[in-house]
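Hello,

Here is the model we talked about. Please look it over; my notes follow below.

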Amino acid sequence: MNPNTPIAVTGIGCLCAAGANLKQCMDSLFAGRQKFAPPARFSSSHPVRYPVFEIPDEFTFLGCDQKSDILRTARLAVTAAGEALGNAGWSPATMQEKRVGVCIGTTVGSAMNNEGFYRDFRRGCHPEMNAITRFLNSNPAQVIAREFGLKGPCQTVVNACSSGTDAIGLGAAWIRSGICDAVVAGGADELCRVTYNGFISLMIADDSICRPFDAHRKGLNLGEGAAVLVLESEDFCRARKQPARAMALSYGSACDAYHLTAPAPDGRGLKQALLAALTACNKTAADIGFINAHGTGTPVNDRVESKVLYEMLPGVPFLSTKGYTGHTLGAAGAIEAAFTIACLEAQKIPPSAGFTTPDPELPWSPVQHETDVNGATAISQSLAFGGNNAVLVFGKGDS
Amino acid sequence: MRTAIRGIGIVGGFGCGVDKLNSALISGENTIQTIRVKANGRKTEMPVFLCDTTALEGFIHKRALRRVDHYSSMAVLGSYLALEDAGMLQINHQKTAVVIATGYGATRATFSFLDSIFADGDACASPTLFANSVHNAAAAHISILLKASGPNLTVSQFELSVPSALLSACQWLEGRQIDAVLFGGVDEYCDVLGYSWQRFFGSNQNPCIEPLNWDLQSAIAGEGSAFFLLTRDDGDQPKYGFITDIQIGHIANGGPDIAGGTTLFLGADGHKLCGPLYPHYIPEGMRAASYTSLYGSFPVNTAFDMTIAALSLKENKIFATPGCRPNKSGLRISHLEQDLESKLIGCLKFGCNGEFGLVMLAGE
């Protein structure tokens, strides 16, 4: 298959603080609801309680045995996968007959960092091994494959905050190269004290609600969630008469090779990734209806992104959805890809939450109001620790 | 799919570089060290394979390495050795991707970060340790030091990390967006791993790994990195041959599809939970070898077997399986160094949950 062949997105699942499924999330976005609060599931000795976007307890985690001892991240991933596979019209029997791969991005979901276990270990308290066993049983891609009986390759991408975007791009490539008939691709991450403290230590967390691209932005708020896309070859989904919700047109990836935690000021890696993605699907700025930016709300990230978008995609409206979800790390790229597709379907984008005052330092600002989309193509992009940049281009599907 | 192997770089308990690996393979002697681990209420001695990365200072000034931890140092050293071996250390790496497989990531930095919180409170968490604890820190350090601006990917799939990540590395080459991939596997030893080892497997450890004694728990923890400079097949004969196939599967759906004439390098590393899968799923009479007793047990050991396979293809010989005891598996194990029967080597790894990965290498 041609390396630039479009791949059909036939199902989407998503949950985060904004909603228990994709529809609820989109309703929240267009209603302007932002559900943030200090963390309820863990405490902290910080004098300031930094807000987070936590998934409420009343959300049901579908599609997995509640008794199984796996990490929250894996549960989130399975729940999103269950929604996506149902949405794609796949029956368990059909899935098990085909070569269906799983490619999932995460950060926390692959980290062996159980605080209780390690605290006891340090004290010489001879901790039990449940925490380690749970970690070993919770690889998100493996858990999804196990839960749904999928037979294709498994890959858990741990590319920090671009993991979800990378996982979708790589999953689509598996179909193009004929390794898989379909791929369950996305990202999942849970909130945890370790990353909460980590981002605060880096001084890039905002002690109030995040304000991506705003003149008064101070940093990010963490969130949690998962999103999964069901990817199939176009021929495959046509044969089973399943409409494509969108087409995954291309993926670009590049590294700044500049700094471990800060993006290159000239945005060189993001430019390279955008160029690669646009070239691969033969699109130009004129074809792009909107961009779902990474837009974390940190001063540096937003400056670089605004500059690059102004230079490479002038005039194209963009937004950040992190004001609705928080920064969900390894899930962020997948959640934003899901939102991008839903916005393409609705032919409108919500206001970029948290943005009210343009920053004179930024050459280009996000949309402040609900905006109609002109065009059948959109971009979702992620920047990450390590200087990773990942870009997905989606086209409208059949619906 | 044919991906050319242009250079290899390896860092293990036996030392670093192809020459050290070669010496270890010829001598068959392991370099097991002993450390003291507290578990089960008492301190016991535990055998382990540990790496020394001081050779990295031969490539990079110490100052540039001051924030690079042990996990990343092993990866950076492996990648520089692979580039040096390929004669490509000085080239422009703008179109080079970095792809890393890791089972557990930067565990020492992860726990040191927790130490910083426990010692002085949440407000005193160390940002440097946090940044280095992220799984893709090693790949990021490599890209930064080499100015490699191609795609950068880290994959963590436990025992299947290497074949899974290799799948994407080879696809990026096929897609022609890049000219080369620095691909490697890296995992590090840490105190928590030592404790876990004692708790899971007991403190009476076998003095060496007996990979072919399938039912014996003889695994000895190890660490290290193994890197490859990979390019597309340009029609020439690369130094170490080609990667020709990658299979990833689960025994629930059938075992690996192994071509006749293949010599298998078994990733069996002394874990009795997965050891018995090898003789069960490998056709009787197949020629096989195992070298895990030379470098230890850790999730990305398939990358080490790939390195030995690449070296075997270059030298046109199979190194003797070290410490080999007679076994009842029905496999033909190489007790002595022998010529290759065919230029086809498969590196096979079974995970403890029945998953498997097979990476095929061919000499031409």
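**Helix packing in chain A**

Helices α7(A) and α13(A) are roughly perpendicular to each other (a label for angles of 65 to 115 degrees; under 35 is roughly parallel, over 145 roughly antiparallel, the rest oblique). α7(A) covers residues 163-176 and α13(A) residues 332-346; they pack at about 65°, with axes 5 Å apart. Axes are lines fitted to C-alpha atoms, for helices over the stretch in contact, and angles run from 0 to 180 degrees between N-to-C directions. Helices (H or I, at least four residues) and strands (E, at least two) are DSSP runs, numbered from the N terminus.

From α7(A), the contact uses S163(A), G164(A), T165(A), A167(A) and I168(A). From α13(A), it uses A332(A), G333(A), A334(A), I335(A) and A337(A). Contact means C-beta atoms, placed from the backbone, within 7 Å. By class, the α7(A)-α13(A) contact has 6 nonpolar, 4 polar and no charged residues. Nonpolar covers Ala, Val, Leu, Ile, Met, Phe, Trp, Tyr, Cys and Pro; charged covers Asp, Glu, Lys and Arg; the others, Gly among them, are polar.

This is a predicted model: local features need pLDDT of at least 70, side-chain atom pairs count only at pLDDT 80 or more, and totals for chains, interfaces and linings use all residues. Residues are numbered from 1 along each chain as its sequence is written, while chains are lettered from A and ligands numbered from 1 in the order in which they are written.

**Helix α2(A)**

α2(A) spans residues 72-87. Of its 16 residues, 14 are buried, so α2(A) is largely enclosed by the rest of the structure. Buried means 20 or more other C-beta atoms within 10 Å of the residue's own; exposed means 12 or fewer, partly exposed in between, with C-beta atoms placed from the backbone. G89(A) follows α2(A), with a positive phi near 75°.

**Interface**

Chain A gives 52 residues to the contact and chain B gives 55. On the chain A side, α4(A) gives the most, with 5 residues. That side divides into 23 nonpolar, 24 polar and 5 charged residues.

**Chain B**

Chain B has 10 helices and 16 strands. Of its 364 residues, 59% count as buried. The C-alpha atoms of chain B fill a box of roughly 60 × 55 × 40 Å along the principal axes.

Best wishes

Methods:
Two residues are in contact if their C-beta atoms, placed from the backbone, lie within 7 Å. The expected span of a helix is 1.5 Å times one less than its number of residues.
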